[in-house]
Amino acid sequence: MAVTTTALARLGAVVVFMAMVAEGILDPVDFLALQAVRRSLDDMPGSSFFQGWDFTADPCGFPGVYCDGNKVSALALGDPRAGSPGLTGRLDPAIGRLSALTELSLVPGRVNGELPESLSSCQNLRFLAVSKNLISGPIPDGLGGLSNLRTLDVSFNQMSGTIPPSIATLPSITNLILCHNHLTGGIPSFPDSSPLIRLDLKHNDLSGGVPSLPNTLQYLSLSANRLTGTVDSVLPRLTRLNFLDLSMNQLDGPIPASVFALPLSVLQLQRNFFSGLLQPANDVTIQVMDLSYNRFWGPISPLLAGVGQLYLNNNRFTGEVPARLVQELVGSGGLQVLYLQHNFLTGIEISPASSLPSSVSLCLMYNCMVPPVYAPCPLKAGSQNTRPADQCPEWRG
């Protein structure tokens with residue numbers, strides 16, 4: 001009986017595969033899963049990641065494949081060097097058959113399609129990062145059953161739908177990074193027992209209020225959503241917070257004095273509807289504090305003189321600029337940027353702006369000062385140096 005060349009080739013591949021299995025090099029289920037992953041992905045022009053995936057050799061020696069015994073324990077898809085081209089194609093659902101998988105990462109590229117629901121079968125998964133691709137569709141509900149998952153990063157993709165509530169209750173989650181997608185709905189509540197350290201949901205289409213969050217948080221970014229309501233009962237309990245960005249939402253209400261005592265290096269609350277007095281209890285030493293484009297009113301506290309970059313512009317502050325802030329600026333102290341434009345301030349004790357150190361920035365345009373203080377301002381501050389007299393109550397009469 002004649003045997004064709006194609007049949008011989010297939011037989012040879014089977015013999016090689018069976019020999020590898022017999023030697024215990026790789027579990028056959030994992031071997032076939034890797035083949036499916038390879039068929040569904042390709043190198044972008046300039047990438048040579050898959051050149052090393054020759055299935056006549058031991059897959060545990062492939063680039064990005066790491067094994068523990070005869071099982072795949074980690075899969076890093078794509079060349080991780082900065083600036084290297086990524087991959088195209090889709091993530092095949094067969095990836096969920098890698099039962100011992102603890103880490104899955106995908107370099108930035110053009111991988112599209114949905115995140116496979118089958119990943120919920122990888123019960124040992126601790127790290128899942130597929131950022132900066134074109135992945136779409138919802139976050140699989142099944143990921144909320146991965147009790148060992150510590151990091152979930154699907155940022156800078158095109159994912160839509162709501163955040164599954166089960167994701168917030170993952171018992172091991174420390175880093176949840178879902179920013180720059182098209183997620184909708186509300187932010188789920190996190191239990192007090194959550195070990196969450198980093199929560200990044202910025203640049204989505206989330207709505208509703210800011211829920212109760214665990215006090216383990218050190219990084220919180222909810223910027224550029226449609227969040228509403230107050231945060232005065234949420235923020236004070238986050239006593240370990242180092243970075244806070246709630247900017248570009250529709251949040252309102254006061255900011256408690258205790259917020260300024262948190263160990264923050266960055267506080268960004270700009271472009272909301274926050275209002276009330278700013279009355280910190282002690283000197284504030286936050287490196288960057290942006291409260292611009294809100295509705296804060298009353299005098300500016302001298303306790304803000306220890307801030308490095310202070311943006312209070314486009315609010316409703318009144319009275320004179322505290323002497324302590326001026327001293328920090330003129331003396332080249334910690335205060336390097338002081339933006340106070342578009343308020344209702346009435347005075348500042350300072351020598352001509354030309355005496356300011358070149359390293360500092362001061363803007364006082366469009367206030368109620370006579371005479372106005374001229375200092376270099378950003379172009380978006382406008383060209384009007386003072387407010388009209390009828391907007392400055394202290395000038396009347």
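Rings of Phe, Tyr and Trp, the last taken by its six-membered ring, pair if their centres lie within 6.5 Å. The views below come from a predicted model.

**View 1. Six aromatic residues form one cluster.** The members are Phe31, Phe49, Phe50, Trp53, Phe55 and Phe62. Across the whole structure, a search finds 9 aromatic pairs. One of them joins tryptophan 53 to phenylalanine 55. Their ring centres are 6.2 Å apart, with 75° between the planes, and the pair is edge-to-face. Both tryptophan 53 and phenylalanine 55 are buried. Phenylalanine 55 also pairs with phenylalanine 62. Here the centres are 5.1 Å apart and the planes stand at 90°, so this pair too is edge-to-face. The cut-off for that label is over 60 degrees between planes. Phenylalanine 62 is buried, as is phenylalanine 55.

**View 2. Two arginines sit over phenylalanine rings.** Arginine 38 lies over the face of phenylalanine 50, at 4.3 Å from the ring centre. Phenylalanine 50 is also a member of the aromatic cluster in View 1. Elsewhere in the chain, the charged end of arginine 387 sits over the ring of phenylalanine 344. The distance to that ring's centre is 3.8 Å.

**View 3. Residues 30-68 carry a UniProt domain annotation.** The record, an unreviewed entry, labels this span "domain: Leucine-rich repeat-containing N-terminal plant-type". In the model, the span is 28% helix and 18% strand. Its end C-alpha atoms lie 12 Å apart.

**View 4. Threonine 174 lies in a loop.** The loop runs between helix 3 (165-168) and strand 11 (175-177). Is threonine 174 buried or exposed? Its relative accessibility is 19%, so threonine 174 counts as buried. The cut-off for buried is under 20%. The side chain of threonine 174 makes a polar contact with the side chain of asparagine 175, at 3.0 Å. Leaving aside residues up to four places away in sequence, threonine 174 touches Arg150, Thr151, Pro195, Leu196, Ile197 and Arg198.

View 5. The protein chain averages a pLDDT of 91, and 92% of the residues score at least 70.

Terms used: Residues numbered from 1 in each chain as written. Predicted model: local features only at pLDDT ≥ 70, side-chain atom pairs only at ≥ 80, totals over all residues. Heavy atoms only, no water. Phe/Tyr/Trp six-rings, centres within 6.5 Å; stacked < 30°, edge-to-face > 60°. Buried < 20%, exposed > 50% of the residue type's maximum accessible area, 1.4 Å probe, protein only. Lys NZ or Arg CZ within 6 Å of the ring centre and 35° of its normal. UniProt positions renumbered as here; feature names shortened; annotations may be inferred. Helix = DSSP H or I, 4+ residues; strand = E, 2+ residues; numbered from the N terminus. Polar contact = N/O pair within 3.5 Å; in protein donor to acceptor, adjacent residues only side chain to side chain. Contact = heavy atoms within 4.5 Å. pLDDT = per-residue confidence, 0-100.
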